[in-house]
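Let's take a look at how two protein chains can be described, piece by piece. Have the structure open as you read.

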Amino acid sequence: MDSELTCVIDAPQSNSPSVGLGGGDSATGDKVCLVRATGRPIVAPFARALALLASFTSKDLWCSGRELAARTGLPPSTAIRISDTLVQLGYLHYSPVTRGYRLAAPVVALGYGAIANSNAQRVARAQMGQLAEQQRVHVHLSSRDRLETVILESCSSSKTASSHLKLDVGTRLGLASSPLGWALLAALPEVERYYLLEHLERRAPRDWQLLRRRTGEGLSQVQRLGFCYSLGGWRAGLAMIALPVVVDGYAPHVLSCVGSAAQMPRARVELELGPRLVAMADKIRYESALA
Amino acid sequence: MKSSISTPLVTVEHGLQVLRAFRCEMTALGNVDLVRRTGLSKAIVSRLTSTLLQTGFLRHAPGSRQFQLANGPHSIGYSFLTRSEMVQAFDPFLRRLADSLNVSVALAVGNGLEMIYVGYRAGHHSSTLRMGLGSVLPMGTTSIGHAYLWGVPAVEQSQLIKALRLQAGDHAAAVDDCLQSSFASLRTSGTCGVLGGYGRGSFGIATPLVAGRQQMVMALSCGKASIKPDLEKEHGRIAPELQAAARAIEEALTNFDGAL
C-alpha cells in the first residue's frame, strides 16, 4: 500500500529509449523495469503512458507535446515518444496542422464505464440533480485517489448565480485540505485513516499544524452531525458541506454541496442542507443495494 | 501465450489490454483471471497490475487481494466524452431510437479485434442488459462487430477476418459460419442479427455507417435480453428504424472534419 501513495513520474528518466519489459528477469536493469524500494515493480513506459493519458482535461482539445511534457514532468522527447506510441495504438490522435495530440475514442474502454455505469453512481446522479435544482446549489460526488479526493459526478442548478463555484469532474483536492477529504477520512477504519494522515504530513510538513487541526474539527463534526462543513474557511466566499456515503462493495464516496457563503448561512447549513444530504446519502445506500 | 519480447509499444499495448480486460465492469479480478483474459504470461500480468495499482488505475477490492477498477480511468474517459463534438451530435439519435423501440442502442468503433461502445442509450425496460459506454465486445461473435467488418474497406476487412480466424483457433470454423451468415444478411438487407453473441438469451441487430469527412466506419446496434427471443421477428421489427437512424446519423455528421 505504501507505494500506492508515491508519485510515479519521479521515476528516473533515461535518455536512451527504454526497452520495456524484458522477456526474463525484470529486476536486472533500471531501464527495463524499475523496482522501487518497496520491492514492488513498476513498468516505467506503461506508467508514463498512463500519466500522459491522465494529463488531458475536459478543457483540452489539442495539446502540444511540450504542454504534455510540462504536465507530466517528463522530458519533452519522452513525452512525444510516448504520445506517438499511443497514436499508433489508437488511443490518441495527432494533427499535423495543430501539431498537437488529443484523446481518441478507445480511451473510453480503459475503465470509464465501470464507475459511470455503476449502480451507486447512477442512483446518486438522479438524486443529486434534484437537490441541485431545488436548492440552487452545486452537488458533487467524489472518491479517493491516493492522497486526494477526485470529483466523479457534478450536478448544478440551471438557475444558480454562482456557476463559477462549480467543481468540474476530475477536480482533485488534497485529503486534508477540504471538507471533501475530511468526510472521506471519517468513513475509513482508524488504521487506514492514520496511515493516510501520516503520509499527508510527510507531503506538507509546513502547513501541517493548520491542516491537522481543521481535519480534526471536520472529523468530529461528522461524528456529531453526520456531516462536516466549511463556511468561507476553505475558500473565501464559498460554503461547502460534505459527508461520507458508504455503499456495500464500493470504496467510500463523498457527497457534497457547494454554494456562495451568502447563500448558505450557518443556520441553513446545520438545520436544512446538512440533514437533507444525510437523508440523501441514506437513500443512495438503500437504492443501490436494491439495484 | 503471446510473445514476451517487448518494445515500449508492446509494453504499453499489453498494459492497456490488462486495463481493458476489466471490460468496464466493477467485478474484481485476480492475476489468474487477467492471464486468461489477455493471454499474457503471469509474470507480465503481475508487473502490469502492480503498475496499475501504484498509479491509481486499479485498487484492491474491499477485503480481497483481487483487483478492481479505481478512479484513474474515469477522468480520462470523461475528458474525451465532454470534448468530442461527434459524441454530442449523435447522442440524441441513440436516445430516440432506444425510446422508440424500447431496446438498448449502441454505437461502436473497431479497435484491434474488439468493438468499443462510444455511444449508448438504454430503453425504458432494457436494464437487464448490463452494458454501457466504454464496454468492450469481441468483433468476431457480435452483430455490431459483423456490421463493422462489413463496413470497412475490403483490404482491411480481409486482414481483420484473417486475424479473427487466427484468434479463434479451434473455433475458427464456427466464427466463419456465423460471419458468413451475417454477411449474407447484410448483403440483402443491410442489417444482420446475432443471437446470444454476448450473454445468453440476448440478441443484437446491427448495421454499419460511415461518418464525417474522414469517412470513419462505425456500427449501430439494437440489443435486448429476453427469454427465448424470436430473432427473425425482432429483426423485422427493428431493421427499418435502425437503418433510418443510421442514415440520419450519417447526415448529421456529414460535415464533421475531426476524427472521433
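Two residues are said to be in contact if their C-beta atoms, placed from the backbone, lie within 7 Å. Keep in mind that what you see is a predicted model.

## Where the chains meet

With that cut-off, the contact between the two chains takes in 57 residues from chain A and 56 residues from chain B. On chain B, the elements that each give two or more residues to the side touching chain A are the helices α1 (8-20), α3 (42-54) and α4 (72-83), plus the strands β3 (104-111) and β4 (114-121). Which element gives the most? That's α4(B), with 12 residues.

What kinds of residues make up this side of chain B? Sorted by class, there are 29 nonpolar, 21 polar and six charged residues.

## Chain B as a whole

Chain B has nine helices and eight strands. Its C-alpha trace spans about 50 × 40 × 40 Å along the principal axes. For 260 residues, a compact globule would have a radius of gyration near 18 Å, so the 19 Å of chain B agrees with that.

Now for the inside: 51% of the 260 residues of chain B count as buried. Take the contacts in chain B with a separation of 6 or more: 60% of them come from residues 24 or more positions apart.

How values were computed:
Residues numbered from 1 in each chain as written. Chains lettered and ligands numbered in written order. Predicted model: local features only at pLDDT ≥ 70, side-chain atom pairs only at ≥ 80, totals over all residues. Helix = DSSP H or I, 4+ residues; strand = E, 2+ residues; numbered from the N terminus. Nonpolar A, V, L, I, M, F, W, Y, C, P; charged D, E, K, R; others polar. Rg over C-alpha atoms; globule rule 2.2 N^0.38 Å. Buried ≥ 20, exposed ≤ 12 C-beta atoms within 10 Å, placed from the backbone.
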